[in-house]
Amino acid sequence: MKKRTLLIVLAIYSVLSYAQTSSNSSEELLRINTSKSEIKWSGEYAFYYGGHDGVINFKEGYFLKNNGVISGGEFIIDMNSIKSQDMDNEESREGLDEHLKDEDFFAIKKFPTAKLVITSVSYHNDTHMKIYADLTIKDVTLPINFQAEVDYQKEELTTRFKIDRTLWGITYNSKEIEGKLKDGLISDAIGFEVKLRL
């Protein structure tokens, strides 16, 4: 009788262990293709028409997928790759790029990477969602959220959003920090268009 009871207990334990393993194995890690993924950025003058735009590259990143849907992820951005694209003059373009990398903006010698970590995802339907994430720039981590869309055939997620750069300590020529009478003020909003592909 004791032997039979022991066998039943072992059988139940095996079933529970398998169920736990199966549950854990439903989580997938999907690495992005950094050569096919991209970030486009844009900034505008505060009181004049015009501004600058460009690109910046992902260093690495991955999605977490649970039960067939995206549930998390982490993405590292190579701040040294930031480039402007709106000027034809090479010298002017390189001058802006170096300015973006120095202490006035992203201080890449101190902070060579930025990071976005998806903390949760709220689905509107199969392809549209609201993503909640923590964004780290210049060693400052703050929560953000944005709408996103998935194209499963292309294995691609796209989104557009803006941040207030001053919250991350990027205050150069900010109208809120510098005052509204200074010439050449820059909008505190930085816009991003992001494409993540597997």
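**The pocket and core of a predicted chain**

The lining of the largest pocket comprises 31 nonpolar residues (Ala, Val, Leu, Ile, Met, Phe, Trp, Tyr, Cys and Pro), nine polar residues and two charged ones (Asp, Glu, Lys and Arg, with the others, Gly among them, polar). The model is predicted: local features need pLDDT of at least 70 and side-chain atom pairs pLDDT 80 or more, whereas totals for chains, interfaces and linings use all residues. Residues are numbered from 1 along each chain as its sequence is written, and side-chain values use heavy atoms, without hydrogens and water.

This pocket (an open set of points on a 1 Å grid where a 1.4 Å probe fits, with protein on both sides within 12 Å along at least five of seven lines) has a volume of about 660 Å³, the space filled by probe spheres set on the points. Its lining (residues with an atom within 4 Å of a point) numbers 42 residues, and Trp 41, Ile 82, Phe 106, Ile 190 and Phe 192 are the closest to the centre. Elements giving two or more residues to this lining include strand S2 (38–45), helix H2 (90–101) and strand S9 (186–197). S9 supplies the largest share, seven residues.

From the N terminus, their order is α-β-β-β-β-α-β-β-β-β-α-β.

Of the 198 residues, 33% are buried (under 20% relative accessible area, 1.4 Å probe). Leaving aside residues up to four places away in sequence, Ile 131 touches (heavy atoms within 4.5 Å) residues including Ile 118, Ile 144 and Leu 157.

Key:
Helix = DSSP H or I, 4+ residues; strand = E, 2+ residues; numbered from the N terminus. Buried < 20%, exposed > 50% of the residue type's maximum accessible area, 1.4 Å probe, protein only.
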